[in-house]
Amino acid sequence: MKRRNFFRSLALGGASVAFSPIVKAVPVVQADKEKPATNIKDALAVPRKENSMPGKYPGKVARTTHPGCIVDGQPSEEAAYEMLRSCMLNLTGKSNLKEAWLQFVGPDDVIGLKVNPIAGKLLSTSHALTQSIINQLEEAGISRKNVIIWDRREADLKESGFTTENYPDIKIIGTEYQDEKGSYINAEGKFYGEARIDKEQYFSVDLEGEYDAYTMPFMINGGKNSYFTKICTEMVTKIINVPVLKNAGTTITCCMKNLAFGSITNTARLHGPMWHDTCASVCAFPPLRDKVVLNIVDGMIGCFDGGPAANPQFICHYNTILAGSDAVAVDRISYDIVIAKRIEEGLQEEEKAGARTFMDMAQEFQLGVADKDKIELIETTLQA
């Protein structure tokens, strides 16, 4: 089946797939096959900064579980607040919540909350956790006007309830966006999103992204370059990553995946054999490496199969939140949670070879700790 017809057939397959033509893509490891050349060496050559990944607490992860955090099928904001509080204090070792937050951000920062709205209202970053983050930032002296909620696609943000009505005084923005008529293209015939990408900073892969009438609105550009969004390069000074605890085949789509594929254009070509490389490599570039200060995983409701889409039969209550400055270490702990659930559900008998490749690559790039034996995990359970 030709690429164009393949994506059109996906579009006809159901609403859960139609809003994202690549949502069903599964990572593949082909160690015996030569991969396309990339410009990762350019990223690694840029001098690191004081708070570059893995940040202030390398190899440290705080996890808080609350058996009663789901009320009437939805995450409770009250429970989410307390779970987040627990994670922040355990991660930083502080006894004061304001002091804990000020380890990562200050009142002069413009803070981008990188949520994950791709799975719609069923399985996106919860409003309970997002509102709790914003409330605690405010309590730490951060103005709401200095907070931006963002992702690749504005349409996904709106569909999942990330609107100015729900988040007054906070900017909601996506790299890819439409006009009031639903068009991605302006009067000059250019994608609106072109104004929001930085063509000076990009991940280059010797693999062409081909023009396709259906997928192009979700790409902005084809070719061999994937450009970083100006949201990362110009608009924010710090990024707080807020992914959802989900699977992607026999691995996970969590911290690094949420950052990498959400921050660049022309990603359709990067699934399959380049999935692991992209998750690790894009995070090594300065717009992410030097700005992501905290990762907070929404594991209250997640999934163990069918991810990153929202397939109701595979959605589950993990009843947990994880936090760390080290995205690699947080992904490593998150991975164990999802794989344990997959084994429990009979989807696999053991860990699959190569499923953690992107974590190992990220460790080689000095972005964080992938070796579980070197990770300090602080676990807390709150009473229901």
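I began with a pair of strands: β12 and β13 (residues 315–324) run antiparallel and share 8 bridges. Strands and helices here are DSSP runs numbered from the N terminus, with at least two residues (E) for a strand and at least four (H or I) for a helix. Two strands count as paired if DSSP finds at least two bridges between them.

A note on what I am looking at: this is a predicted model, where local features need pLDDT of at least 70, side-chain atom pairs count only at pLDDT 80 or more, and totals for chains, interfaces and linings use all residues. Residues are numbered from 1 along each chain as its sequence is written, and side-chain values use heavy atoms, with hydrogens and water left out.

**Entry: around β12**

I looked up which residue of β13 faces Ile296, and found Ala323. Buried means under 20% relative accessible area, exposed means over 50%, and partly exposed lies in between (1.4 Å probe, protein chains only). Strand β9 (residues 238–242) also pairs with β12, in the parallel sense, over 3 bridges. There I found Ile240 bridged to Leu294 of β12.

I then checked the record: UniProt, in an unreviewed entry, places "domain: DUF362" at residues 236–335. UniProt positions are in the numbering used here, feature names are shortened, and annotations may be inferred rather than shown by experiment. That span is 31% helix and 33% strand, and its end C-alpha atoms lie 29 Å apart.

Is Lys238 buried or exposed? Lys238 has a relative accessible area of 17%, so it counts as buried. Lys238 belongs to strand β9, and its side chain makes a polar contact of 3.0 Å with that of Asp109. A polar contact is a pair of N or O atoms within 3.5 Å; within protein, one must be able to donate a hydrogen and the other to accept it, and residues adjacent in sequence count only if both atoms are side-chain atoms. Beyond residues up to four places away in sequence, Lys238 touches several others, including Phe104, Ile111, Gly112 and Val293. Contact means heavy atoms within 4.5 Å.

I followed this to β4, where 5 of the 5 residues are buried, so the strand is largely enclosed by the rest of the structure. In a regular strand the side chains alternate between the two faces of the sheet. In β4, Ile111, Leu113 and Val115 point one way, Gly112 and Lys114 the other, and all are buried. Strand β4 runs parallel to β5 (residues 147–153), joined by 4 bridges, with Leu113 partnered by Ile149.

**Entry: aromatic rings**

How many aromatic pairs does the whole structure hold? My search gave 8. Rings of Phe, Tyr and Trp (its six-membered ring) pair if their centres lie within 6.5 Å; planes under 30 degrees apart count as stacked, over 60 as edge-to-face and the rest as tilted.

Tyr57 and Phe104 form a tilted pair, 6.0 Å centre to centre with 55 degrees between the planes. Tyr57 sits in the loop between α3 (40–45) and β1 (60–65) and Phe104 in the loop between α5 (97–101) and β4 (111–115), so the pair ties together parts 47 residues apart in sequence.

Phe203 and Phe285 make an edge-to-face pair, because their planes stand at 70 degrees, with centres 6.0 Å apart. Phe203 lies in strand β7 (residues 197–209) and Phe285 in the loop between α10 (275–283) and α11 (286–289), so this pair links parts 82 residues apart in sequence. Phe203 is buried at 0% relative accessible area, and Phe285 is buried at 6%. With Phe228, these two form one aromatic cluster.

Most residues other than glycine have a negative phi, and most peptide bonds are trans. I noted a cis bond from Met53 to Pro54, with omega near 15 degrees; Pro54 is in the loop between α3 and β1. Another cis bond runs from Gly307 to Pro308, with omega near 10 degrees, and Pro308 lies in the loop between β12 and β13.

Asp72 has a positive phi, near 55 degrees, and is exposed at 79% relative accessible area. Ile220 also has a positive phi, near 70 degrees, but Ile220 is buried at 4%.
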